[in-house]
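Dear colleague,

Please find below the structure that I am passing on to you. A short account of the findings follows it.

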Amino acid sequence: DTMPGALPPMGFFDPLGFAAKADEKTLKRYREAEVTHGRVAMLAVIGFLVGESVEGSSFLFDAQISGPAITHPGQIPDGWDALIVTLIGAAEAQRAQIGW
């Protein structure tokens with residue numbers, strides 16, 4: 001109950017017991033991973049919503065990407081996926097070096 005974020009009435013919420021054998025450093029790593037994954041999920045939802053609402057009117061890729069947002073990644077020109085993966089990898093490397 002002393003971990004940051006442990007609030008009443010739930011207290012320390014660990015229904016699957018991941019924290020049972022973890023030390024404080026591991027718990028902080030779990031928490032960082034959870035927050036990071038939550039942020040990525042929120043950005044993905046925003047990306048889908050924006051992709052649906054600006055269809056055909058975007059300045060990117062000459063507004064050639066169309067259809068439901070789920071089909072947009074396959075319509076991105078070659079090379080962009082490598083750029084995106086590189087940028088995400090650089091951001092993750094930076095985050096991992098800072099750490100706790």
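What percentage of the contacts in the chain with a separation of 6 or more is accounted for by residues 24 or more positions apart? In this predicted model, such residues account for 25% of those contacts.

The chain holds 3 helices and 0 strands, so that its elements read α-α-α from the N terminus on. Its radius of gyration is 19 Å, well over the 13 Å that the globule rule gives for 100 residues, so the chain is more spread out than a compact globule. The C-alpha trace spans about 55 × 30 × 20 Å along its principal axes, and 12% of the 100 residues count as buried.

As to charge, there are 7 positive and 12 negative side chains. Side chains of opposite charge can pair when their charged atoms come close. A search of the whole structure finds 3 salt bridges.

One of them joins glutamate 24 to lysine 28, with the closest N and O atoms 3.5 Å apart. Both residues lie in helix H1 (residues 24–53), 4 residues apart.

Arginine 95 pairs with glutamate 32 at 2.9 Å, N to O. This pair links distant parts of the chain, since arginine 95 is in helix H3 (residues 80–98) and glutamate 32 in helix H1, 63 residues apart. Glutamate 32 counts as buried because its relative accessibility is 18%, under the 20% limit.

Arginine 95 also forms a salt bridge with glutamate 92, at 2.8 Å between the closest N and O atoms. Through shared partners, Glu32, Glu92 and Arg95 are joined into one network.

Yours sincerely

Key. Residues are numbered from 1 along each chain as its sequence is written. This is a predicted model: local features need pLDDT of at least 70, side-chain atom pairs count only at pLDDT 80 or more; totals for chains, interfaces and linings use all residues. Side-chain values use heavy atoms; hydrogens and water are left out. Helices (H or I, at least four residues) and strands (E, at least two) are DSSP runs, numbered from the N terminus. The radius of gyration is taken over C-alpha atoms; the globule rule is 2.2 Å times the number of residues to the power 0.38. Buried means under 20% relative accessible area, exposed over 50%, partly exposed in between (1.4 Å probe, protein chains only). Contact means heavy atoms within 4.5 Å. Lys and Arg count as positive and Asp and Glu as negative; His and the chain ends are not counted. The place of a charge is taken as NZ of Lys, CZ of Arg, CG of Asp or CD of Glu. A salt bridge is a side-chain nitrogen of Lys or Arg within 4 Å of a carboxyl oxygen of Asp or Glu.
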